[in-house]
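Have the structure open while you read.

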Amino acid sequence: MKQILPIGNVRHALIVLGLLLGHIVGQSQNKAPLSLNNHPGDRLAAVPQRKIVPSMATWHMDSALIDLAAAYTPFKVLTNLRSIRRDMDVMTKDVHDQIADRALYAKGKGISLVADLDVRLALPSFEARYPNELQQMLVVEELEVKGDSAYNVLINSRVLSDHYQRSYPVRSGSFVKAFRYNITPNGIIDPRSLKDISDECTVNSATKEAVQLKVPGHLLKASSHLCVMVSFTYLYPDVFAPHLIEFREELIQNYADAGLAGAHNDEWGFPNAFSESSVQNEYWYTRHRAEAYRKRTDGRNLLNDI
């Protein structure tokens, strides 16, 4: 579980992190050994005797922030979150040139920039190259069967966002699978009753907003429960995408001539889901993830296991 720190503690943590990073860099430049067995406080105590490379995290790399840092702080390295803006594709030449210009401006002020070169800041370029390597959200809905009438199932997509994008566009929705089965008295699926009825369901509509399907009533006779799986594809890179690492390396290489002190990513993770329904019924899924799962589990099917 991720701990939420008060704002004051976050600022303190950023300062300490900057000092620790500066201490490590300084030691590497001085060829001094770094002991990983010492208490962190011991390292901080040794900072004044080492060459320090102070660094500070900032939102964006605006010239106004560079001016403030140069005039009023001891920091000589600015680690920029989201670089220029969250809505600008860092894989494009225009953004590359803007970042290079900011790096040159900062250099004139005695400051070096570390740019945020996260793939989430290059989503249009990633999608244009690899439209079949986007992340999907698998939504699972279980319904209790009552009687033998047909079921019309409607599942809506959700708006997902984080500190990189507000929000991630949904590209499409699709029907994945449907099962019928009985639940035993101790609350588990009776495997003898489990049947895949996907081919016999009718998809009335499948859009980025919602998936609606009809399950004929005669399929549900002698079954106590119906389970439906649908998927929504988001403009977000699939963690298991075959070309993700290659794209990431190319993105960084594109900035080798930009005059930066380095590049970084903020923490990687899917947009948060806080509701009980989301925690119970939503799974990050792609066919590439399913294939990785199959290889790691001696041939098991991820959808069936879910």
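The side chains of arginine 120 and aspartate 162 form a salt bridge at 3.9 Å, N to O (that is, a side-chain nitrogen of Lys or Arg within 4 Å of a carboxyl oxygen of Asp or Glu). Arginine 120 sits in the loop between β3 and α5 (123-129) and aspartate 162 in the loop between β5 (151-156) and β6 (170-181), so this pair ties together parts that are 42 residues apart in sequence. Helices (H or I, at least four residues) and strands (E, at least two) are DSSP runs, numbered from the N terminus. Salt bridges with shared partners link Asp118, Arg120 and Asp162 into one network.

A word on the source: this is a predicted model, where local features need pLDDT of at least 70 and side-chain atom pairs count only at pLDDT 80 or more, while totals for chains, interfaces and linings use all residues. Residues are numbered from 1 along each chain as its sequence is written, and side-chain values use heavy atoms, with hydrogens and water left out.

How many salt bridges does a search of the whole structure find? It finds 13, among them these:

| Pair | N to O distance |
|---|---|
| Aspartate 118 and arginine 120 | 2.8 Å |
| Lysine 109 and aspartate 67 | 3.6 Å |
| Arginine 120 and aspartate 162 | 3.9 Å |

(Buried is under 20% relative accessible area, exposed over 50%, partly exposed in between, with a 1.4 Å probe and protein chains only.) Lysine 109, by contrast, is partly exposed at 38%, and aspartate 67 is partly exposed at 30%.

Out on the surface, Val239, Phe240 and Trp268 make a nonpolar patch with about 250 Å² of accessible area together (Shrake-Rupley, 1.4 Å probe, only the protein chains shown counting as cover for residues). Such a patch takes residues with over 30% relative accessible area and no salt bridge, joining nonpolar side chains (Val, Leu, Ile, Met, Phe, Trp, Tyr) within 5 Å and like charges within 9 Å. Valine 239 belongs to the loop between β10 (225-237) and α6 (244-253).

The largest nonpolar core has 58 residues, and Val215, Leu226 and Val228 have the most contacts inside it. (A core is a set of buried Ala, Val, Leu, Ile, Met, Phe, Trp, Tyr and Cys residues joined through side-chain atoms within 4.5 Å.) β10 contributes the most to this core, with seven residues. A second, separate core of 10 residues includes Leu138, Tyr181, Met229 and Leu302.
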